[in-house]
Amino acid sequence: MSSNHNPIIEMKGIEKHFGSVIALAGVSLKVYPGECHCLLGDNGAGKSTFIKTMSGVHKPTKGEIHFEGKPLNFERPRDAIAAGISTVYQDLAMIPLMSVSRNFFMGNEPLRKFGLIKLFDHEHANRVTLEEMRKMGINLRGPDQAVGTLSGGERQTVAIARAVHFGAKVLILDEPTSALGVRQTANVLATIDKVRKQGIAVVFITHNVRHAMAVGDQFTVLNRGKTLGTAKRGDITPEELQDMMAGGQELVALEGSLGGTV
Amino acid sequence: MSSNHNPIIEMKGIEKHFGSVIALAGVSLKVYPGECHCLLGDNGAGKSTFIKTMSGVHKPTKGEIHFEGKPLNFERPRDAIAAGISTVYQDLAMIPLMSVSRNFFMGNEPLRKFGLIKLFDHEHANRVTLEEMRKMGINLRGPDQAVGTLSGGERQTVAIARAVHFGAKVLILDEPTSALGVRQTANVLATIDKVRKQGIAVVFITHNVRHAMAVGDQFTVLNRGKTLGTAKRGDITPEELQDMMAGGQELVALEGSLGGTV
Amino acid sequence: MSEAPSPALNGDERIKTRSRFREALIRPELGGIVGTAVVFTLFLLFASDSGMFNSQGIMNWSQVSAQFMIIAVGACLLMIAGEFDLSVGSMIGFAGMMIAIFSVTLGWPVWLAIIVTFALALAIGALNGFIVVRTGLPSFIVTLAFLFILRGFTIYFPQTIERKTIIGGVKDAAEGDWLAPLFGGKIFTGLFQWMGDAGIIAVFERGTRQGQPVVDGVPMLIIWALVLVVLGHILLTKTRFGNWIFAAGGDAQSARYTGVPVNRVKILMFMTTAFCATVFATCQVMEFGSAGADRGLLKEFEAIIAVVIGGALLTGGYGSVIGAALGALIFGVVQQGLFFAGVESSLFRVFLGVILLFAVILNTYIRRMITGER
Amino acid sequence: MSEAPSPALNGDERIKTRSRFREALIRPELGGIVGTAVVFTLFLLFASDSGMFNSQGIMNWSQVSAQFMIIAVGACLLMIAGEFDLSVGSMIGFAGMMIAIFSVTLGWPVWLAIIVTFALALAIGALNGFIVVRTGLPSFIVTLAFLFILRGFTIYFPQTIERKTIIGGVKDAAEGDWLAPLFGGKIFTGLFQWMGDAGIIAVFERGTRQGQPVVDGVPMLIIWALVLVVLGHILLTKTRFGNWIFAAGGDAQSARYTGVPVNRVKILMFMTTAFCATVFATCQVMEFGSAGADRGLLKEFEAIIAVVIGGALLTGGYGSVIGAALGALIFGVVQQGLFFAGVESSLFRVFLGVILLFAVILNTYIRRMITGER
Amino acid sequence: EGEKYILVSHAPDSDSWWNTVKNGLALAGDQMDVEIEYRNPPTGDLADMARIIEQAAASGPDGIITTLSDYEVLSGPIQAAVDSGVDVIIMNSGTPDQARKVGALMYVGQPEYDAGHAAGLRAKGDGVSSFLCVNHYISSPSSTERCQGFADGLGIELGNQMIDSGQDPSEIKNKVMAYLSANPETDAVLTLGPTSADPTLLALDENGLAGDIYFGTFDLGEEIVKGIKAGVINWGIDQQPFLQAYLPVVVMTNYHRFGVLPGNNINSGPGFVTADGLEKVDLFAGEYR
Ligand SMILES: Nc1ncnc2c1ncn2[C@@H]1O[C@H](COP(=O)(O)OP(=O)(O)OP(=O)(O)O)[C@@H](O)[C@H]1O
Ligand SMILES: Nc1ncnc2c1ncn2[C@@H]1O[C@H](COP(=O)(O)OP(=O)(O)OP(=O)(O)O)[C@@H](O)[C@H]1O
Ligand SMILES: [Mg+2]
Ligand SMILES: [Mg+2]
């Protein structure tokens, strides 16, 4: 359960209530640099809510967050980004009417001195955007192209490329592959792999056990707002993981008729 | 490639252009009653566009649609629904501010004679909705509950239950499982299986080869607006299908590092 | 983990409980009901001796409220269908002017003038709607354009034809007409005469109408308001079409996918709004006997305010006709009540703004509880 | 199937080609540019002999356009940030009245009156913004409330304090003030005198100012308009904050997720709008020497119309300050040009409505081409 | 003592000329020791005004003082008020004839068409043959009547010489300038009150026609008086709004207290104010004049 080095983020007993809904009922977790931590679980288990507390979107109702060993409270996403946490949200955080390069640098605009005032360095932004997109295998018509003209998969790729580019220390991905085709999925998994090898901590949410097994170093399963425990790679088989995620016995009936292919 | 009985829908050389974008460049397909036809392919391949021409949302730029042997042109979704085609769209077609039962019967409101005028039969609607949702394994707080209070997975389930309930002859599902957890996915696949056995034709879009293999009778792969051909169950292995969807060779490199788990 | 067969919210350990009573209370009209109660309590306390609640006073604010109600019903249905109409006020002026021009200037029989005007108004409403659904432009812009266009014609026509901006004489023209009393008449006159005779309500003390009750019947305006509210409420909550209105306003694309004829719904709602505006205009012209180029100024805002106070969502998909009617009632009672209470009249706007703000914050809170919006 | 390394749209067999020329042409301001060209062509053809294009005529419509521009800049930035402000007109009335009350009634030095008024207006703008971002209410409703509240106070204050609704005498009070000329003065007077003497521009032939050039300088109003347009344009397109404005209006939630301080952006834009309205009011008060309770009526619509004609999207996230400025220019030129051309003045509204409709349809078409909206 | 009188006007909130009326009302209220109230439809909508008269009647005052700016709209409510025992005096707009028909005690005001006509005759005498009428309140019939009367007095067609100027001073100023430069042969300008006169003064100052073009105006105000003094405005037609509010209160109070009532209507205008004898006017313009 522990690693040879110190966790970059440690979440302790996080609870989150929305009005009368208890979305998280005490979840603890450690994320280590250079490792991919997979977060799994049913719909509505609280995965998105959990990572949103990690990235400053929600403030936890109860619980503590330690970042690089120090207790920390993110007031807003900006603080988390400043601390080096980059997130690709399930609901994408792209602005369709804006150009790809403006979207790419949204919140992280590069500045250029112009006399006394600082201006948006469009040239730099355009260059970097084109470059980063090319690295991800996407050739844009131009950096001015509006995000609205991209397909869903392409948008997803922009979001990931952006997060990777600015994700200094921690990269959080919330179901990045759910809407992607096979090739795009492979691309994303490869990116996670690459990023992890650069020493960045990755938190990866998915419903697909195979995707999780492909890149995960640790696996945490959430269920109805609580954690079912964390397992290390090699300590758990895909079948055990699948069972845990689905809550066990209920699947047996289906498996029969569908041939264990889920 | 052909079946023992007549296709319920036959699409012949469908083309669809959006302004300067050619989304479909001539796709043909036959769908048979009692069979599940899986539609696979890359992001942006044109799958959603294709099924939208089938369900009357888009009019094809070129090409013919035969329904039960007769040429047919759906002017709007209403026509397709009237003909017995029910669709669960990738973008859900649920209205968050409305109650579950109003959503369930949206466009198919049950009527009750009240003197000379016909009124919305709320009682019937509520009863049926609760019943159908219970069948899918979801207990609602009440039929008045707004869809906005449901989780994503629950909404997806409402959409599917609605389509199944009104899907007299053809049921079209566009990536119904992409956002679902393991248990919910199993549920949906089982539903497809059940519906198919009732003699209804199912068109099922997915990026997940395993889900496709679990319930599919025929498999059609689209690529960049064209079809790569249709295969019958048993004529093709999951690996071949995967290769076809991903466009072959490019995956090899990745597979190495990720252990063939995609 | 748990034995529950589904992740449903029912009997769920993840839902804190909410009392039954609170559940029963929370409905779209709640804001309107609370507001109405508050407003009446306040005025009963502070203005009861001002004549606000004698027969004449009641008739006074009832009529003002009824006016607001008539246009609020149209605006409410349209708003729930996801659009709104800034041209209501101009339409009121325009329709009134058309009736006057047709009947007085052109000398048509009044019933024909009224029918043609209704047809014209419905056509303009349909045009509004058609432009909105075809171009996908926000209705704010399209109807703002019509606000100017209709007002422009309302000033231009009488000025070029008659060289004045008020055309009178409609009352004389309407003498003996069969359709006019439907808008300008009063009913239950016998009942009121009896009440006057019996001393239940006040009677005129002098003049040509000595002995007659000061309130001599219920104006058709009020009847129209009630009828429209009831019909609107039934349409919205009890019919298939009502479901379509909610759907069109909640999410037009989704509604279209499920087979709801969204364009038709929206165009029809624009026509309904135009219809209500024309009813308003016709009642006004028949009551006062003249049409002026400045009639209906700012009425679009008043309609929208009444609807919003009544709990509808500006962006569509949520609201209630009853709520809108209560909003109109609050609006009317406050407006007239402030006069009765003798409040400096320039402060009326300040009150209106503050009430609007509070009502809408209250309603938002209620709505979030109902719909689970986030 | 194909060898392309990605499903990108570039060099794609699935994209029909589009000419370079067309691409270069398609920009947010295109509608405004085309409109301006059309308007000038028409008036040059039909009203060139009416004095519209002599020095006096040019100054005439320039001043009107400059007024629209000042409020359009604020409205444009706010609209791009996803909100709009219906209280602009009331704010103009309110700010003007405050300056007059402070300087004339209370006898403060004019510079102090101006500065305090600006502070007050910015505070009200911030309050507007604060309510909008905190409650999540549509800005339509919140600012509609302030439309009424501010107008109410604008009428109430002078009436209770001074027993009148126009307060004059600001000109006398402003005599010798250091700040007042920044709003009410003219510059380049020497240049114009020289041009008049040199016969380049016409001089008065009769009346009290015989021999002086008909146009004796550029009013500060026009300078303000140009400065605000340039600053607004730079802010929007060249700075980090400009990117945030687009982001906040395009999708507030997404922008928040990526660390854009959306609330701050929106509140600041409400303050900018209030600032622009106050500049307008101050210039007007300094020019006319008086403040009236009815100043600024309907100006909010005029601002919104100019912005929308200039190509901005009512729902936010898209637009350009240059476009808004061109929209204001079109608006001003058409309004004055119709007078020069001798068109029946009540038809102005009809023209305005029709122009608005056409401009916005054209702009929608252009925008769809740019953004690939569906 | 303590009688209650309500004055109902047709003016929108923002119309500044009505201040003088309010001041006259307030002063009369103080002097006679009666309770007075001023009410008006916020947007100037006459239909709303009808409701306000009904409301005023319902609140049971001793008397109502109201304008009669549209006989057809207002006669019903006024008559009902009279019949229910409330005394009514008509002020400002309407005609003595109409006042009698609705059963009012008397009429205090200035018949608008006649005033315009008289002004037209005077201007004709001064050699005017074309003019610009700056109508800032186009939707009110009485303002159109003034322009029409003026044209008839001059004996010419009104035609396009009346412009819809709106109420915004910058708009008015620029429209006047635009009209005058498009129609340079215009002899005279007629404004209908301070709202349009003040910006017109500026416009004339700016295009150099001040003092050169013939300039007449209805109703007085601070700037107008200055203009008359400076010789820019040839005359102002004073209908003495102060009296229109003051007199009815006094008359009505005395009627209620002592049963005395003047036997005739009072024409508070038209009186032509010119540069001669301006002192008092100057002092109180906009407040009591
Ligand atoms: N802003 C909110 N207000 C109210 N309830 C919320 C809010 N956000 C989430 N919830 C509720 O909290 C629970 C957890 O939601 P969450 O989105 O974290 O689940 P998830 O694990 O990400 O599910 P999925 O796999 O479907 O994305 C759900 O019941 C959801 O309805
Ligand atoms: N309304 C539209 N206007 C313009 N282009 C469109 C429209 N709808 C789809 N497209 C384009 O057509 C192509 C096919 O899109 P479609 O949604 O059918 O793909 P898909 O196969 O469903 O992809 P995914 O797996 O990501 O859902 C894409 O390039 C898309 O951008
Ligand atoms: Mg999630
Ligand atoms: Mg799709």
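Between which chains does ligand 2 lie? Ligand 2 sits between chains B and D, and ligand 1 lies between chains A and C. This is a predicted model, where local features need pLDDT of at least 70 and side-chain atom pairs count only at pLDDT 80 or more, while totals for chains, interfaces and linings use all residues. Residues are numbered from 1 along each chain as its sequence is written, chains are lettered from A and ligands numbered from 1 in the order in which they are written, and side-chain values use heavy atoms, with hydrogens and water left out.

**Around ligand 1**
- Of the 15 residues around ligand 1 (a heavy atom within 4 Å), those that come nearest are A:Asn43, A:Gly44, A:Lys47, A:Ser48 and A:Thr49.
- Polar contacts here are pairs of N or O atoms within 3.5 Å: polar side-chain atoms lie 2.7 Å from a ligand 1 oxygen for A:Lys47 and 2.5 Å for A:Thr49.
- The protein covers 82% of the 640 Å² of accessible area (Shrake-Rupley method, 1.4 Å probe) that ligand 1 has on its own.

**Around ligand 2**
- The shell of 15 residues has B:Gly44, B:Gly46, B:Lys47, B:Ser48 and B:Thr49 as its nearest members.
- A polar side-chain atom of B:Thr49 is 2.4 Å from an oxygen atom of ligand 2, and one of B:Glu175 is 3.2 Å from an oxygen atom of ligand 2.
- Alone, ligand 2 exposes 640 Å², of which the protein buries 83%.

Conventions
A polar contact is a pair of N or O atoms within 3.5 Å; within protein, one must be able to donate a hydrogen and the other to accept it, and residues adjacent in sequence count only if both atoms are side-chain atoms.
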